[in-house]
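Subject: Structure for your review

Dear colleague,

Please find the structure below, handed over for your own calculations.

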Amino acid sequence: MRNILHILVVVISLLGVMNAQGQTPPDKNIGVLNGTVRDQKTGEPLIGATIKAEGSSLGSISDDKGNFILRLVSGRKTRLAVNYVGYKTLTKEIIVNGSGSTDFILEEDALGLNEVVVTGYIQTKKNAKTSAISEIKSDQIKNIAGAGFNEQIQGQAPGLLVSTTSGTPGSSVFVRLRGTTSINAGNDPLYVIDGVPISSKTLQTISIGGQTTNPLSDINPADIENVEILKDANATAVYGARGANGVILITTKRGKNNAKTRINLDAEYGFAKAAKLWDLASGPDQAEIINEAWVNDGKPYATRPYRPKTEGGLGTPDEQSTYDRQSLAFRAAAVQTYNLSVNGGDAKTTFFIGGGYTSQEAIVKIQDYSRYNFRVNLDHKINNQLTIGTSNSVDYSIRSLSRTANSPKGILQASVHTATLLPIYNTDGSYAKYGIFDNIIALINNNNHHSYGLRSINNVYAKWNILNNLSFKSSVSTDLNNYHEKRYFNTQLSDGQPSGTATDATSIEQTWVAEQLVNYFTTIHDSHFVSLFLGNTVQKRNYQNETINASGFPSDQFQTISSAAITSGTTSASASGLVSYFGGANYSFDNKYSVDANLRADASSRFGKSNRWGYFPSLGAAWRIGQESWIKDNFRFVDELKAKASIGWTGNQDIDDFASLGLWGGGANYGDAAGIASSQLSNPDLKWETTRQWNLGLESSLLSNRLSFEVNYYNKYTYDLLLNVPVPGKTGYSSTIQNIGAMSNKGFEIQINSTNIKAKNFEWASSFQISHNKNLVEKLPISFSQYSRDWVRLQQGYPMYSFWLYKQLYVDPQTGNAVYQDVNKDGKITTADRQIVGNAWPTFTGGLRNTLRYKDFDLSAFVYFSVGNDVFNMNRFFQEHGGVRGTNWGLLKSQMRRWQKPGDITDIPRASTVQNADGSYNNDFQSSRFLEDGSFLRLRNLTVGYTLPQNLAAKVGLTKLRFYVSGTNIFTITKYSGADPEGNTAADQTNGTVQGLDFAIPPQPRQILFGANITL
């Protein structure tokens, strides 16, 4: 919007200047004033700034170098006003005697309260906003490592919960805005790039152990200008069916009118390494524990496994070796990124052209990510009424993948879970394999799993300014995503025996959107501002997948599907459509009082005919208390104080395309005759999942805008949940989707920004934000598990991601047995004694950013924290097994804290594999013993930079040259015993995303990057 206003200001000013230049000052003694208009912070020339003499029609406009020439009456005191969109107006009195010169230095207007801005579809004065919206500028995230921008925005906006579930680049990211609103329907926010709603769903179909790819990592973060987070219903209701989980608006970089062509090159190179790995028991330690369990189970000491070889044993514990597999699986990974862009424009055309390359090795071997990006943004003003433009990006990504997390044959299982006392090679030099685990070296040398993603996001628009304050915009957008996966298991791996197996899958998702929008705004008698909008959207989505499985290859040299003896394939396809009408109005009076109302109607093909239409209204109001005279007169340090409130309804239709239909499928053959069978029950009454949200907010700016804050309290209630409900087995089906249940999210958000010091050579600014959300399942007729292992439970009266476990009270100091809470007091420990003992939701999340500048040096430090979230440490569950899992499974070093003799005080019971008298087990029991506090504080980023002075940069033909060193995940403070408290095994289960499960997840790496920013 700023660019559009800039164009309008320039055009209007040119008309005024042309008129002025046709007139002669009344005094024949004419003087000439020249000078330059520059940005206070950067020193860059401001192109198109207006310089006008108050009380007359005399004026000028700065050129492409910021220079201006102004004709004035000589010898007369003249008051000049200098204006530029987004900057504070500067006034200055001067006297010109014949000729003179002066420079104007403009300060950016951080508030810009009277500026007319566009947020999504809505066009309002900035001071009239009634919604809860946070903005993230590119400078805040540009030095934070991460393949996708949704990783980089962690901790940057209150109410936004971002958890990077794996340290593998390009892997899935858990994003929630003001909590989770659904159980089976989607919970991700809607992402809109330059007006294009894009899909954030992974197209991956080949399992890699609970982990998935992050489709948003295919979008180049270097292309982003700013990000707006729309949180309350008044801001999101206009997006209707797509706004229930919040909206994230991304604006990419564009050229500027009358701007000199600039070439920008950004380059960085560095290294990443795991900050912490798992502390495993040594070979002698494990042998000792296995012997101990043998005896504790009542077996003869003389037949213990690890006894002298002369006695027929495997050797004494002290004779066992320790084989380090973790050092074989992990590495110091190289990271490099290069971005080149050209931007600029003349009076009619602006352009931005950019290309980028990123290569990130993972800290786990055989996992890599690389990306190629290209973007063209172009805007052209045909005449004063008509402007056309386009935004286009093409992104190509390549991934080397391997199974981790919840996969028994993954690389971390081979390196972390295999017992350290077991040799890596057999005596004949061949790979040693133990039980379900593949050999670590065999996995590294023979992994062959790759994916290739090609994505193109495009938008073309035409905007007709019918009148100065009335416009019509029409746009067509596409999001085209193609994802191809190839995996081959050769005969050196378990899944490749006896003669190799392969899978080849291709998924294609295509979305088309056509949108029409009319905007009108006007000011009446300087006190009444009115803004109206009306629009229509038509959206179509197609999805298809083809998967081919093959086995029986001639040899490992033949790996294409056509070489296999046995092949089978599956195909699937679906489509959906959405038709929408929306409109709204904003009214503000006297720059003090504002009210707005919006309504959106959506029709989705995913619901039954009688319930396809959903209607989503919203209402908001704001009162600028700081503009009242009793505040202005008595509290002069208050620059802005505004109270706001809103309420609205949004919908969710993020379910399968044919969820309401009864489906039939082929393949149910009768001998040689083809047959079909029913595969899904119909539900013609299926309707929208709806979220009602209200918001109360207070925002203020104090002390000449050096201190600002915003506080919001919200209440979200979601009803008619779209839920897969179990049905009796006699029906022939396992479940059907219905509208059942309700869920709530309540919380508050606080953000504080301060300019601590602002001097000529030193600046220091801080930003702090903290959020709290309480999630609760309000209505659910039946309780059921949310994860395949039956540890995470959905139950009325508790939050989602609640852990349903046996509660361990203590370890009996005399017997060494674990004592569990007997909930029903029947003297036995059974399933009836399991209870909810915690959940994965943090009580608070937040971040603190400090930015400092001393002369040409700059420093930025960002700390992120999460407090109160529980993590079920599955590594401890499987590796504090006390001998239950035998010799092949390794043990953690923590097992050495076990009870060994009467009087020992510990939380780890004695080593044993048998059942206790009350029916419980000391080990291999899903108990609260393995549930840990996952709170942490992390220095997410620390960047130190140096910018070469402009006069020195100019000598080598540069406009700007900056060098920097940036560190990510420098240190983490936590009580969590695992490698990373953010790790999440169940990144994207088919029955809904699950949080708080850590099972051999690659931890977040510590990265050091060296970079340079060059502008020509």
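In what follows, a residue is called buried when its relative accessible area is under 20%, exposed when that value is over 50%, and partly exposed in between. Please note that this is a predicted model.

Overall build

The chain comprises 11 helices and 53 strands. Its radius of gyration is 32 Å, close to the 31 Å that the globule rule gives for 1016 residues, so the chain is as compact as a globular protein of that length. Along the principal axes, the C-alpha atoms fill a box of roughly 120 × 65 × 65 Å. Of the 1016 residues, 55% count as buried. Where contacts join residues at least 6 apart in sequence, 69% of them link residues at least 24 apart. The accessible surface amounts to about 41,900 Å², and carbon and sulfur atoms account for 56% of that area.

Charged side chains

There are 95 positive and 87 negative side chains, and the centres of these two sets lie 5 Å apart. Side chains of opposite charge can pair when their charged atoms come close. In this model, 39 salt bridges were found.

Arg375 has a relative accessible area of 4%, and because buried means under 20%, Arg375 is buried. Asp223, at 8%, is buried as well.

Arg898 forms a salt bridge with Glu288, the closest N and O atoms being 3.0 Å apart. Arg898 lies in the loop between helix H10 (874-879) and strand S48 (931-933), and Glu288 in helix H5 (residues 283-296), so the pair ties together parts that are 610 residues apart in sequence.

Arg938 sits in strand S49 (residues 936-947) and Asp980 in the loop between strand S51 (972-974) and strand S52 (997-998), 42 residues apart. Both Arg938 and Asp980 are buried. Elsewhere, salt bridges that share partners join Glu509, Arg541, Arg606 and Asp657 into one network.

With kind regards

Terms used:
Residues numbered from 1 in each chain as written. Predicted model: local features only at pLDDT ≥ 70, side-chain atom pairs only at ≥ 80, totals over all residues. Heavy atoms only, no water. Salt bridge = Lys/Arg side-chain N within 4 Å of Asp/Glu carboxyl O. Buried < 20%, exposed > 50% of the residue type's maximum accessible area, 1.4 Å probe, protein only. Helix = DSSP H or I, 4+ residues; strand = E, 2+ residues; numbered from the N terminus. Rg over C-alpha atoms; globule rule 2.2 N^0.38 Å. Contact = heavy atoms within 4.5 Å. Areas by Shrake-Rupley, 256 points an atom, 1.4 Å probe, with all protein chains shown as cover. Lys, Arg positive; Asp, Glu negative; His and termini not counted. Charge placed at Lys NZ, Arg CZ, Asp CG, Glu CD.
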